[in-house]
Amino acid sequence: MRKACLDAIYKLAKQDSRVVFIGSDLSPGLLSEMREEMPDRWFMEGVAEQNVVGMAAGMALEGLIPYASTIATFFTRRSFEQVAVDCCLHNVPVRLVSNGGGLVYAPLGPTHLAIEDIAIMRALPNMTVVACCDAEEMKRFMAASLDWKSPIYIRLAKGGDPIVSRPEHGFQIGKAIAMRKSAERNPVVLMTTGVMTTNALMAADILAAAGIDVSVVHFHTIKPLDAAAILDHARAARLVVTIEEGIAIGGFGSGVTDVLVDGLGPKMPHMKRIALPDSFCRNYGVQSDLFEIYGLSPDQIVRTVTNKIEELNA
Amino acid sequence: MAALADLSRPNAVSLDERSKHLRRLAVRALDKGERGHIGSTMSLIEILRVLYDDVLRVRPSEPAWPRRDRLILSKGHGCIALYVMLAEKGFFPLETLDTFCHRDSILGGHPEFGKVPGVEASTGALGHGLSIGIGMALAGRIQRRDSRLFVLMGDGEINEGSVWEAAMCAGKHRLSELTAIIDCNKIQSAGPTSEILDLEPLVDKWQAFGFATVEVDGHDVAELRKAFGGLPLDRGRPTAIICHTVKGKGIPFAENDPAWHHKAKLPRETIADMYRALE
């Protein structure tokens with residue numbers, strides 16, 4: 001997914017002279033073709049993320065479209081004020097290409113785990129928050145990103161993730177995609193974002209084999225959140241389950257809850273939120289290890305959903 | 001490095017009628033708004049006066065003119081001084097100064113891009129302006145414009161680590177079109193900069209980060225004109241102009257007193273005293 005994103009930046013830069021790339025201190029040779037062909041629009045500015053974000057905002061104020069990149073936590077924690085003030089207050093088209101969304105950097109520990117990034121980025125006025133489910137969707141998103149007027153926080157997954165998106169889904173920023181539609185009149189609806197969509201689809205297959213036909217709705221855009229899609233799917237649902245690779249406080253599930261409370265009030269369906277707890281991760285391993293620790297693996301999603309169904313039926 | 005002999009006593013300079021007039025306008029905004037960063041405003045007046053009168057290529061009737069020079073007031077709390085100059089130059093009517101900090105005014109306690117004609121960036125959180133200026137300068141190169149960039153910072157402001165990240169970056173890119181201006185009034189909110197977080201050797205620091213430097217008396221209009229007129233000091237480096245100033249300059253009872261960093265709801269007689277000091 002990261003490669004798809006970087007390749008897209010190069011492609012966009014060839015097409016559009018407004019596109020600029022700014023890295024912090026990333027891999028040697030990164031976007032080397034762009035560096036060679038467009039040296040005035042390729043920057044590597046060192047371990048100085050506050051400056052990277054500020055200069056990106058300055059460029060955007062002059063009509064350029066900077067794609068800035070570093071590790072997710074360095075944007076969201078280290079340079080939060082620059083993101084809030086320089087990018088969001090000015091409402092300029094800076095793109096924050098954020099490596100290692102969620103639990104990707106499992107072996108590197110809590111300094112590198114972007115667990116609260118969705119919560120704090122979606123709290124910022126004017127910010128758009130995007131978490132694609134795979135590399136193919138990332139390509140479609142990047143084409144759509146060029147002329148989006150506001151700053152975008154782009155949460156990148158690990159890479160090599162299974163391809164579950166389909167070209168016919170298209171891509172419109174702010175528009176959710178129904179990945180799997182239940183035939184039940186009052187279905188269980190799994191609402192997901194990022195690569196949790198993949199895990200949810202795997203869980204849906206297992207549930208289907210057990211006779212539970214669930215819907216899966218993918219929200220690649222967490223802000224602006226597609227309230228119409230949430231309400232459409234929730235009206236008939238007997239249970240809405242949100243699944244995210246991030247903390248529950250203020251996260252994607254929190255956003256869905258807000259929409260349901262405001263939109264349906266007492267008529268809102270039962271809900272279950274699957275998310276990370278309010279704590280820093282104390283383990284290492286790989287991303288899938290942490291999925292298991294936090295109940296985000298497909299099997300665990302199945303168990304959580306069936307337990308909740310049993311609880312409701314009791 | 002160009003240095004001047006009498007920088008230890010920048011308050012030795014007497015203010016001419018234009019400097020007093022600009023300060024009276026600042027007091028007017030302060031009075032009508034019932035608040036403001038007085039000390040920080042008064043130390044900036046001559047720097048901004050010379051920039052707008054003699055240096056900046058701007059069009060008040062066309063604030064977004066692409067070929068303009070850009071000035072970012074990174075120490076946004078000194079905004080009354082900027083508002084006074086923008087009003088004086090016709091970016092908006094002088095009467096707008098009377099609305100400072102009012103509910104529906106365009107003029108808030110920190111300047112905002114998109115609200116105030118002539119304001120290039122929203123500032124107030126310190127340590128942001130230099131990076132934004134670098135981005136604008138690099139954009140100017142990409143867009144093949146000959147605009148110059150001026151980023152005006154406070155000496156307290158440059159406590160911020162982000163300033164030094166930006167300074168390294170400006171040095172690296174040899175941004176000779178970028179000038180950092182330091183309003184060095186020696187007093188920050190909590191007290192003297194030498195006690196709170198000592199900046200010295202300040203000139204050496206900017207030089208070490210890749211800047212050509214010059215020190216001037218920040219209230220001496222002729223010296224300021226000379227320094228700005230000589231830009232860039234070096235064709236291969238950005239410039240830092242260290243302006244030695246007096247916090248509260250022109251209001252004797254406010255000068256060099258940290259208590260006058262910000263004031264609200266000043267009594268009528270104090271406002272009258274301020275006007276008297278500026279006659």
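This is a predicted model: local features need pLDDT of at least 70, side-chain atom pairs count only at pLDDT 80 or more; totals for chains, interfaces and linings use all residues.

Student: At what angle do helix α4 and helix α5 of chain B pack?

Tutor: Helices here are DSSP runs of H or I with at least four residues, strands are runs of E with at least two, and both are numbered from the N terminus. Helix α4 of chain B covers residues 129-142 and helix α5 of chain B covers residues 161-172, with their axes 8 Å apart. Taking axes as lines fitted to C-alpha atoms, for helices over the stretch in contact, and angles as running from 0 to 180 degrees between N-to-C directions, the angle is about 25°.

Student: Which residues of α4(B) make the contact with α5(B)?

Tutor: Two residues are in contact if their C-beta atoms, placed from the backbone, lie within 7 Å. On the α5(B) side the contact is made by B:Ser162, B:Val163, B:Ala166, B:Ala167, B:Cys169 and B:Ala170. The residues on the α4(B) side are B:Leu130, B:Ser131 and B:Ile134.

Student: Which element gives the largest share of the side of chain B that touches chain A?

Tutor: In the contact between the chains, 21 residues of chain B meet 21 residues of chain A. The elements of chain B that give two or more residues to this side are α4 and α5. The largest share, 10 residues, comes from α4(B).

Student: Are α8(A) and α12(A) parallel or oblique?

Tutor: Helix α8 of chain A (residues 196-209) and helix α12 of chain A (residues 298-313) pack at an angle of about 60°, with their axes 8 Å apart. That angle makes α8(A), relative to α12(A), oblique.

Student: How many residues of the contact of α8(A) with α12(A) are nonpolar?

Tutor: The α12(A) side of this contact is made by A:Pro298, A:Ile301, A:Val302 and A:Val305. Ala, Val, Leu, Ile, Met, Phe, Trp, Tyr, Cys and Pro count as nonpolar, Asp, Glu, Lys and Arg as charged, and the others, Gly among them, as polar. The contact has no charged residue and 1 polar one, and the nonpolar residues number 9.

Student: How far apart do the C-alpha centres of domain 1 and domain 2 of chain A lie?

Tutor: By an automatic or database domain assignment, chain A is divided into domain 1 (2-155) and domain 2 (171-313). Their contact takes 29 residues from domain 1 of chain A and 33 residues from domain 2 of chain A. The C-alpha centres lie apart by 27 Å.

Student: Is B:Gly250 buried or exposed?

Tutor: B:Gly250 lies in the loop between β8 (239-244) and β9 (263-264) of chain B. Leaving aside neighbours within four places in sequence, B:Gly250 is in contact with B:Leu15, B:Arg23, B:Met42, B:Ala277 and B:Leu278. A residue is buried if 20 or more other C-beta atoms lie within 10 Å of its own, exposed if 12 or fewer, and partly exposed in between, with C-beta atoms placed from the backbone. Because B:Gly250 has 26 C-beta neighbours inside 10 Å, this residue counts as buried.

How values were computed. Residues are numbered from 1 along each chain as its sequence is written. Chains are lettered from A and ligands numbered from 1 in the order in which they are written. Angles under 35 degrees count as roughly parallel, over 145 as roughly antiparallel, 65 to 115 as roughly perpendicular and the rest as oblique.
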